[in-house]
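Here is a short tour for a first look. Keep the sequence and the 3D view open while reading.

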Amino acid sequence: MNAQAPKGTADMLPAVARAWEHMQRVAQELFARYGYEPVYTPLFEHTDVFTRGIGEATDIVSKEMYTFEDKAGRSITLRPEGTASVVRSALEHNLTANGAQAKLYYAGPMFRYERPQKGRMRQFWQIGIECLGSDGATADAEVITVLWRYFETLGIPAGSMRLLLNSMGDEQCRPAYRDSVAAFIRARSAELCDECVRRAESNPLRAFDCKKDGCRTVMADAPLLRDALCDACAAHYAEVKTHLNGLGIPYVEDSTLVRGLDYYTRTVFEIQVDAGLGSQNAIGGGGRYDRLMQEYGGPPTPGLGFALGFERTLLALEAAGVDIPAPPRADVFVARVDDSVLAEVFALAQRLRDAGIATELDHQGRSLKSQFKQADRLGARRVAVVGPDEIASGEFTLRDMESKQERRVALSEAVAAVTASLV
Ligand code: HAM
């Protein structure tokens, strides 16, 4: 058998898993302040949740989905992102019936068959929020602020982040704009790569995302959505900016920011960092998707949200020199002089653990000396030493690993004495 994890996946070993848990804790605490509640949706869905939601012509749907038939012949897809699933779930469970607002957050693995590189995985982890039911521009400014504050709270300096902002328009103004970009691409096709020329027919706005220098130069002359927004979209966009200005959230307008999912309408945004990430520099992004629920056959229900990538955020944190604190693995180590007191040691450790004290002991029959070394490695501040003499007098020795002082403690007082010594 092949004992390596599949290409584009990675084991989250304890140091990284701890960072993931830390990031989830920070998210839970911050998002709760803005009224978000947790939601867990399945890791796979009927394929059309994604083809309809994200769009057939996107890279995700056309190239990157893990799709398979289940044993009953249904087409199933591992989720490439969370928004489509959350909106499907909100519709199925009537979470936004009668104009109710639903504010939901999620965290978990997503799957995209991409070419792996630094910060780009086939299984990656996202944390996201979705705010359903509100079309007001304060909702946009709030969602963007949550993402900005989240990265700040984790320790990424504001000065090393760039928040890009754009409006994608809506069904009133975008079709004509798409046509004008398609016409522009056809007119300049000789200077563009084959893929961009093909995009003129399927998804012309994606040509703004082409990384080739020649295409970028040409696309810099393309018509801009900023100049094509209808009055309602222009007013909404202006209001979003006013609210962001009011909160002091710094943004850069980027009229070529189109993002890779077709469900977006109006506001889109992305936070990028320069250090540590190379070309995969977007650590989080999102936008509004006011037509998505209708796409699934539901009532018109505005919505917006964001998702951030765990792996890229971790790289950004490393580049910013942020250490995620590792708690000691044990507060107390219960060491034994020899195996004749094993049962007493095991029982003492359990009493301490039951009292909420992180306690370790040796399961491998090591010498007392190497038990002390192990206690050090685990970061234990106290060692309870138990030997036949101590047991005979109903006591144990409590050693303070910092001051190196020792004292005898009655076994019957163990929990109270150890607890008091750790304060
Ligand atoms: P997205 O921009 O496709 O948006 O992904 C959000 C974040 O997930 C990216 O900024 C990046 O940090 C991370 N990410 C995406 N693909 C990969 C990958 N292959 N490897 C590692 N990290 C990756 C969405 O997924 C939307 N659902 C966001 C949203 C929520 N829009 C509205 N609500």
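## The ligand and its contacts

This is a predicted model. A backbone N or O atom of Ala-282 lies 3.0 Å from an oxygen atom of the ligand. Gly-309 also contributes through its backbone: one of its polar atoms there is 3.2 Å from an oxygen atom of the ligand. With Glu-81, the side chain takes part. An N or O atom in that side chain is 2.5 Å from a nitrogen atom of the ligand.

How much of the ligand does the protein bury? Taken alone, the ligand exposes 660 Å². The protein buries 96% of that.

## The shell around the ligand

The ligand is surrounded by 26 residues. The closest are Glu-81, Thr-83, Glu-114, Glu-130 and Tyr-264. By type, the shell divides into 10 nonpolar, 9 polar and 7 charged residues.

Which of the elements gives the most? It is β10, with 6 residues.

## Aromatic pairs

A search of the whole structure finds 9 aromatic pairs. One of them joins Phe-31 and Tyr-150. Their ring centres are 5.9 Å apart and their planes meet at 50°, so the pair is tilted. Phe-31 lies in helix α1 (residues 14–33), while Tyr-150 lies in helix α5 (residues 137–154). The pair therefore ties together parts that are 119 residues apart in sequence. Phe-31 counts as buried because its relative accessibility is 0%. Tyr-150 counts as buried too, at 0% relative accessibility.

Tyr-263 and Tyr-289 form an edge-to-face pair. The distance is 5.6 Å centre to centre, with 70° between the planes. This pair also links distant parts of the chain, 26 residues apart. Tyr-263 is in the loop between β8 (252–253) and β9 (265–273). Tyr-289 is in the loop between β10 and α10 (292–295). Are these two tyrosines buried or exposed? Tyr-263 has 6% relative accessibility, so it counts as buried. Tyr-289, at 2%, counts as buried as well.

The charged end of Arg-122 sits over the ring of Tyr-113. It is 3.9 Å from the centre of that ring.

## Exposed residues

Asn-94 is found between α4 (83–92) and β5 (102–111). Asn-98 lies in the loop between α4 and β5 too. Asn-94 has a positive phi of about 55°, although it is not a glycine. For Asn-98, phi is near 55°, again a positive value in a residue other than glycine. Where do they stand on accessibility? Asn-94 has 55% relative accessibility, so it counts as exposed. Asn-98 reaches 84% and counts as exposed.

Glu-318 sits in helix α11 (residues 310–319). At 52% relative accessibility, Glu-318 counts as exposed, because the cut-off is over 50%. The C-alpha atoms of Glu-318 and Glu-191 are separated by 40 Å. Along the chain, these two residues are 127 residues apart.

Technical notes
Residues numbered from 1 in each chain as written. Predicted model: local features only at pLDDT ≥ 70, side-chain atom pairs only at ≥ 80, totals over all residues. Heavy atoms only, no water. Near = heavy atom within 4 Å. Polar contact = N/O pair within 3.5 Å; in protein donor to acceptor, adjacent residues only side chain to side chain. Areas by Shrake-Rupley, 256 points an atom, 1.4 Å probe, with all protein chains shown as cover. Helix = DSSP H or I, 4+ residues; strand = E, 2+ residues; numbered from the N terminus. Nonpolar A, V, L, I, M, F, W, Y, C, P; charged D, E, K, R; others polar. Phe/Tyr/Trp six-rings, centres within 6.5 Å; stacked < 30°, edge-to-face > 60°. Buried < 20%, exposed > 50% of the residue type's maximum accessible area, 1.4 Å probe, protein only. Lys NZ or Arg CZ within 6 Å of the ring centre and 35° of its normal.
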